[in-house]
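I wanted a first look at this structure and kept short notes on what I looked up. The entries follow the order in which I worked.

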Amino acid sequence: MPFAQLIIGPPGSGKSTYCNGMHQFMSAIGRKSSVVNLDPANDRTGYPCALDIRSIITLDQIMDEEGLGPNGGVMYALEELEENIEWLEEGLSRLGNDYILFDCPGQVELFTHHGSLRRVFGRLLKLGYRLVVVHLVDAHYITDPAKYISILLLSLRSMLQLDLPHINVLSKIDILRDYGPLAFNLDFYTEVQDLGYLLPLLDQDERTKKFAKLNEAIVDLVESFALVSFETLAVEDKKSMTHLLQAIDRAGGYAFGEAEGAGDSVWAVAMRGGWAEGMEARDIQERWIDHRDEHDEFERRQMEEERKAAEEKLKEEEEMGMMY
């Protein structure tokens with residue numbers, strides 16, 4: 001039974017960077033994976049594409065031939081993909097049981113109310129894929145209460161529209177500190193509880209204070225569904241990637257399935273080695289927000305010590321070889 005991640009999120013949230021990083025991470029732990037690009041506007045992928053929608057249709061081609069703008073062109077491309085789904089099915093059949101990363105377009109209409117992407121995902125389910133939606137949103141939105149409310153609504157709407165196992169992720173958490181202080185601790189934003197504490201802040205904002213009743217209604221709506229929560233991600237950090245992949249594996253059932261050859265043995269070693277330890281919200285806040293510089297310096301010294309130890313070991317092995 002093949003598994004797949006459906007990577008969605010607004011433009012600039014880091015979807016392609018995530019696909020590249022997760023592909024490399026899976027290669028490092030021995031899990032065979034492939035990346036499929038479903039974004040007709042994405043002509044600068046940093047990862048090797050096993051399948052690329054741009055081989056059958058491009059955004060420039062649509063805009064020239066149909067007279068559409070960028071957003072309309074992307075939606076048109078997904079409708080074309082839905083009509084020519086056999087291309088995708090045939091390409092996936094050649095990938096066997098690879099773990100697939102689908103890099104989806106960034107137009108939010110596609111995963112909030114437009115139906116084509118949802119129907120494409122439905123065809124993947126019929127092929128036997130176990131799917132998990134990974135919804136990336138830029139972490140800097142939580143520094144502004146109004147923007148935070150907007151990503152809560154976006155996340156909730158996406159979960160209801162796609163109706164699949166769903167992981168919301170605050171991406172670029174490693175640079176969150178650069179956008180200013182948080183009004184509350186990080187766990188307030190990741191656990192999405194007691195949102196009423198946001199209302200006084202919204203009342204103080206010139207842009208939102210005149211919408212007091214609407215703000216209260218939105219807060220009540222999000223809390224009444226009790227669906228939205230967030231993981232965090234620093235894509236270049238091993239612990240962060242490990243923690244997120246654990247959450248995705250649990251959501252999609254991969255963590256409860258049979259071994260996947262050598263990949264699972266490496267992954268099991270990683271888990272026993274404690275790669276994902278210390279990834280509670282308070283630990284993440286300390287690492288990336290409160291004491292980022294100190295942790296960066298500690299990791300730099302640690303890497304330097306590991307490099308020197310490796311060089312000394314290599315030197316000893318060479319000397320031993322010369323003796324014989």
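Entry one. I noted at the outset that this is a predicted model.

Entry two. I began with strand E1, residues 3-8, and found six of its six residues buried. Phe3, Gln5 and Ile7 point one way from E1, while Ala4, Leu6 and Ile8 point the other way. In a regular strand, side chains alternate between the two faces of the sheet.

Which strands pair with E1? I found six bridges to strand E5, residues 130-138, running parallel. Strand E4, residues 99-103, also pairs with E1 in the parallel sense, over four bridges. I looked up individual partners too: Ile8 is bridged to His135 in E5, and Ile7 stands opposite Asp103 in E4.

Is Ser158 buried or exposed? Ser158 belongs to helix H7, residues 145-162. I read a relative accessible area of 0% for Ser158, so this residue counts as buried, the cut-off being under 20%. Beyond its neighbours within four places in sequence, Ser158 has contacts that include Ile8 and His135, the pair I had noted as bridge partners. Phe111, Thr112, Asp163 and His166 are also in contact with Ser158.

Entry five. I turned to the largest nonpolar core, which has 35 residues. Val36 and Phe102 are among those that touch the most other members. Helix H3, residues 70-83, gives the largest share of this core, five residues. A separate core has 31 residues, including Val137 and Val219.

Terms used. Residues numbered from 1 in each chain as written. Predicted model: local features only at pLDDT ≥ 70, side-chain atom pairs only at ≥ 80, totals over all residues. Heavy atoms only, no water. Helix = DSSP H or I, 4+ residues; strand = E, 2+ residues; numbered from the N terminus. Buried < 20%, exposed > 50% of the residue type's maximum accessible area, 1.4 Å probe, protein only. Contact = heavy atoms within 4.5 Å. Pairing = 2+ DSSP bridges. Core = buried A, V, L, I, M, F, W, Y, C linked by side-chain atoms within 4.5 Å.
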